[in-house]
Amino acid sequence: MKEEYICRCEEVTRKEIEEAIADGATTLAGIKRRTRAGMGLCQGRTCQRLITQMLANVKDKAEITPPTSRPPVRAIKIGEIVEGEDE
Amino acid sequence: MKKSADVVIVGGGVIGTSIAYYLSKQGIKPILLEKDDLASGSSGACDIDIILQSKNPGIHLQLAMESAKMYTTLADELDFDIEYKTCGGMILIENEEQLKIMKDFVKRQKAIGLNVQLLDLKEASEIQPGLSPLLVGSTYSPQDAHVNPMRLCQAFSRAARRLGAEVCLNTSVVDIKVGKNKVKSVITNRGEIATKIVINAAGAYAPMIGKMVGLSLPIKPRRGQIIVTEPVPKLVMADVLCAKYIVAKYNPKLLEGSDNPETRLGVGLSLSQTHDGQILIGATREFVGYNKNTTHEALRAILRNATRLVPALKSIHVIRSFAGLRPYTPDGLPLLGYVEGIQGFIMAAGHEGDGIALSPVTGRIISDLIVDGKTFMDVSCLCPSRFRSLMKNEKVI
């Protein structure tokens, strides 16, 4: 059977996420720490919803907390951050 | 969850899971209680370095060196890929003043047996390309290494469970019952566990657990902010720190009230590249209570410091920032061992930024203490009672 990728940036499969849930992960952060899903370039923009659906099968939807939002909002070049400021 | 246990461990980070493993290995079946998830605190919000060079020569460095020895066989022993790799490490030196301090630091570390040397800029640049031409040089030790702390927690926890430990996630400690100055039981949100021994491995949250038995612990959360880049081909060849990192770590008083935001935030370079190619750029050392936010001021200060030392970073993209709370203690050393006056209450917290490096050795020391009553190396200077006024005597009868 072909592997189904849930997180494309980090190449994490549905099976790996199911294993993380079986291992005790009950949050998006818990799945991230076990599998790297959501740690890649897009920071979970696609896989976050898919994983939330998978978590909803084992946990009350209302209890699924969103992951922590952290700057930067979009990937930004280090040179631009350092040079684009007033001294 | 069982109703009783020989030992209850509070905290599912690199310290708690390590203790659970080493105890299980010696035939004790502990219950580990974690209020959230494995590595959900500082163990999942830190860098990947196992650095010997950043440790103060003395008991601190001795602990790290014992731990480093244990790391070399740990992945095989735990039967889990913890992404451990010896990569070497360097501390960048910017001026003559720093060089003088680092010369003395290196000399004292060598005396304890660490393989470390001073390099001039040319030699340093051969190991780590892309360094600023304004640097004086660096230190270098081939013994520094990397590990993935989140995988380390998973590995310890799985191995401990295979040996009979019970790991309870989403289980918080509500209270600890003490009678006649002895630990009696731990009350959790899922019921009570009778036990004679409780280990406080709650990291930055250890003071809250200590309070339950009337202790006033000198541990304070110290925020460390770290920046993550996109994955790039191998660029950071070793664990790279700067001399300011050492100053910020051991001299918090020098940082207060500085006009320079970098200094005030305790910025010291900590640069490493993960197994997956992302670069971690750190870090700050700030006293802001239990606030885990990241700030724009710190993002800029960290990157300004990093690019001044390693200009080659400028063309790389930042994708995320995060923050963890390091359990700071006034003397920079963890509290390890039994607490006087409360029989059965053990401290294993306060490692600040050294928890990852010291995780295996801490697990072994605490399990030795419980099983044999003595430890393989003398850690009496780390006993919690070195801090006076530990006891509040509010609850102890």
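**A loop residue and a strand in chain B**

B:Leu217 counts as buried because it has 23 C-beta neighbours inside 10 Å. Buried here denotes 20 or more other C-beta atoms within 10 Å of the residue's own, exposed 12 or fewer, and partly exposed anything in between, with C-beta atoms placed from the backbone.

Please bear in mind that this is a predicted model, in which local features need pLDDT of at least 70 and side-chain atom pairs count only at pLDDT 80 or more, while totals for chains, interfaces and linings use all residues. Residues are numbered from 1 along each chain as its sequence is written, and chains are lettered from A and ligands numbered from 1 in the order in which they are written.

Where does B:Leu217 lie? Its place is the loop of chain B between helix H6 (206-211) and strand E14 (220-231); helices (H or I, at least four residues) and strands (E, at least two) are DSSP runs, numbered from the N terminus. Leaving aside residues up to four places away in sequence, B:Leu217 touches B:Ala206, B:Pro207 and B:Gly210, contact being C-beta atoms, placed from the backbone, within 7 Å. B:Leu335 is 118 residues from B:Leu217 in sequence, with 9.3 Å between their C-alpha atoms.

I turn now to strand E7 of chain B, residues 137-141. Five of its five residues are buried, so E7(B) is largely enclosed by the rest of the structure. B:Ser138 and B:Tyr140 point one way, and B:Gly137, B:Thr139 and B:Ser141 the other.

Which strands pair with E7(B)? Strand E5 (residues 89-93) of chain B runs antiparallel to E7(B), joined by five bridges, and pairing requires at least two bridges found by DSSP. Here B:Met90 stands opposite B:Tyr140. Strand E6 (residues 117-120) of chain B also pairs with E7(B) in the antiparallel sense, over four bridges, and B:Leu119 stands opposite B:Ser138.

Methods:
Two residues are in contact if their C-beta atoms, placed from the backbone, lie within 7 Å.
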